[in-house]
Amino acid sequence: REGGVKGVKALKSSMRDLSAKKKSIRGAVLGRPESEEELDVLLKECDGLGISGANDLEFEDLVKLRSIARRHGKYFAIHAGERDRSDIDTALSLDPDILIHMTHASPGDLKHVADSGIPIVICPRSNFATGVADVSKPDVKKMVELGICVALGTDNVMLNSPCLFSEMEFASKIFLNDDVEVLRMATANGAKILGIDGETGVIEAGKTANFTVINKNSNNVRYSKNLMRTVVRRARADDILAIVNKGGVLRR
């Protein structure tokens with residue numbers, strides 16, 4: 001979240017407003033500092049740092065930010081390889097908790113990421129909107145083949161609606177003809193990256209009752225012969241009947 005402490009507080013206030021309307025969103029907020037002076041306060045307010053890129057700051061400053069985030073026990077995420085690979089080596093040397101984009105990562109870069117166990121959040125629609133991607137970039141197939149934990153993101157909401165249905169459709173049709181894996185990128189993998197996969201991310205006995213109910217009789221979904229494929233490639237926000245977030249535990 002841009003805007004430093006003020007921006008993080010604004011986002012948290014919005015989430016509280018939604019909760020008051022029984023439209024609860026569980027948020028993990030990664031802040032971006034406005035100044036060094038506010039860092040400690042910022043990290044008390046959010047879940048970690050989300051840095052725009054290794055080329056935007058001096059290396060010494062990046063190391064300091066990572067160290068402070070680690071001292072607070074918070075995430076250190078960084079955008080890398082969005083426009084080209086000029087910032088990838090530096091980003092990898094920081095051993096971040098999360099990499100964003102990696103659109104122009106080489107096979108060697110991805111091997112390094114896989115060996116390091118660093119997850120990647122890809123933002124396909126945003127990358128196409130800004131003209132930095134094509135049908136071969138990011139190399140999602142290679143990421144999956146190497147066992148990297150890949151999640152879907154929408155990146156900048158000024159360019160895209162924050163809609164993972166749209167992101168799943170785009171990713172499945174352009175990059176990965178594997179509907180199960182794409183759905184995993186929008187659900188279970190995000191939970192894993194945030195360290196909450198022990199309680200949510202999949203519908204399973206013992207997990208928190210947190211899931212979305214899709215209307216299989218909507219004009220968009222009706223007569224589907226493959227529900228998995230339909231959810232990933234055709235479902236829309238207006239097909240949602242209910243969002244269940246009761247906080248209870250699912251039982252058999």
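Helices (H or I, at least four residues) and strands (E, at least two) are DSSP runs, numbered from the N terminus.

## Basis of the model

This is a predicted model, where local features need pLDDT of at least 70, side-chain atom pairs count only at pLDDT 80 or more, and totals for chains, interfaces and linings use all residues. Residues are numbered from 1 along each chain as its sequence is written, and side-chain values use heavy atoms, with hydrogens and water left out.

## Gly 50 in strand β2

Strand β2 spans residues 48–51, and Gly 50 sits in that strand. Gly 50 is buried, with a relative accessible area of 10%. Buried means under 20% relative accessible area, exposed means over 50%, and partly exposed lies in between (1.4 Å probe, protein chains only).

What does Gly 50 touch, leaving aside its neighbours within four places in sequence? Its contacts are Leu 30, Gly 31, Arg 32 and Ala 77. Contact means heavy atoms within 4.5 Å. Ser 161 is 111 residues from Gly 50 in sequence, and the two are 20 Å apart in space, C-alpha to C-alpha.

## The second largest pocket

Rolling a probe the size of a water molecule over the atoms shows where empty space is left. The search uses a 1 Å grid over the protein atoms alone. A cavity is a set of points where a 1.4 Å probe fits but cannot get out. A pocket is an open set with protein on both sides within 12 Å along at least five of seven lines. Lining residues have an atom within 4 Å of a point. Grid points are joined across faces, edges and corners, and a volume is the space filled by probe spheres set on the points.

The second largest pocket has a volume of about 230 Å³. It is lined by 13 residues, and the closest to its centre are Pro 33, Glu 36, Leu 57, Asp 61 and Leu 65. Helix α3 (residues 59–71) gives the most to this lining, with 3 residues. By type, the lining has 5 nonpolar, 2 polar and 6 charged residues. Here Ala, Val, Leu, Ile, Met, Phe, Trp, Tyr, Cys and Pro count as nonpolar, Asp, Glu, Lys and Arg as charged, and the others, Gly among them, as polar.

## The buried face of helix α8

Helix α8 covers residues 164–174. Its buried residues are Phe 165, Glu 167, Met 168, Ala 171 and Ser 172. Seen down the axis of α8, these buried residues fall within an arc of 160°, so they line one face of the helix. The arc is that of the directions from the helix axis to the C-beta atoms.

## Salt bridges

Side chains of opposite charge can pair when their charged atoms come close. A salt bridge is a side-chain nitrogen of Lys or Arg within 4 Å of a carboxyl oxygen of Asp or Glu. The structure holds 17 salt bridges.

In helix α5 (residues 107–116), Asp 115 and Lys 111 are 4 residues apart, so about one helical turn separates them. Their side chains meet in a salt bridge at 2.9 Å, N to O. Asp 115 is exposed at 56%, and Lys 111 is partly exposed at 41%. In helix α7 (residues 140–145), Lys 142 and Glu 145 are 3 residues apart, again about one helical turn. Their salt bridge spans 3.7 Å, N to O. Lys 142 is partly exposed at 28%, while Glu 145 is exposed at 61%. Asp 238 pairs with Arg 236, with the closest N and O atoms 3.0 Å apart. Arg 85, Asp 89 and Asp 109 are linked in a network of salt bridges.

## Loops and backbone

Most residues other than glycine have a negative phi, and most peptide bonds are trans. The peptide bond from Lys 137 to Pro 138 is cis, with omega near 0°. Pro 138 lies in the loop between α6 (124–129) and α7.

Met 102 has a positive phi, near 55°. Its place is in the loop between β4 (98–101) and α5. Is Met 102 buried or exposed? Met 102 is buried, with a relative accessible area of 1%. Tyr 223 also has a positive phi, of about 70°. Tyr 223 is exposed, at 72%. Its loop runs between β7 and α11.

Asn 220 is in the loop between β7 (208–214) and α11 (227–233). At 14% relative accessibility, Asn 220 counts as buried. Not counting residues up to four places away in sequence, Asn 220 touches Arg 234, Ala 235, Arg 236 and Asp 239.
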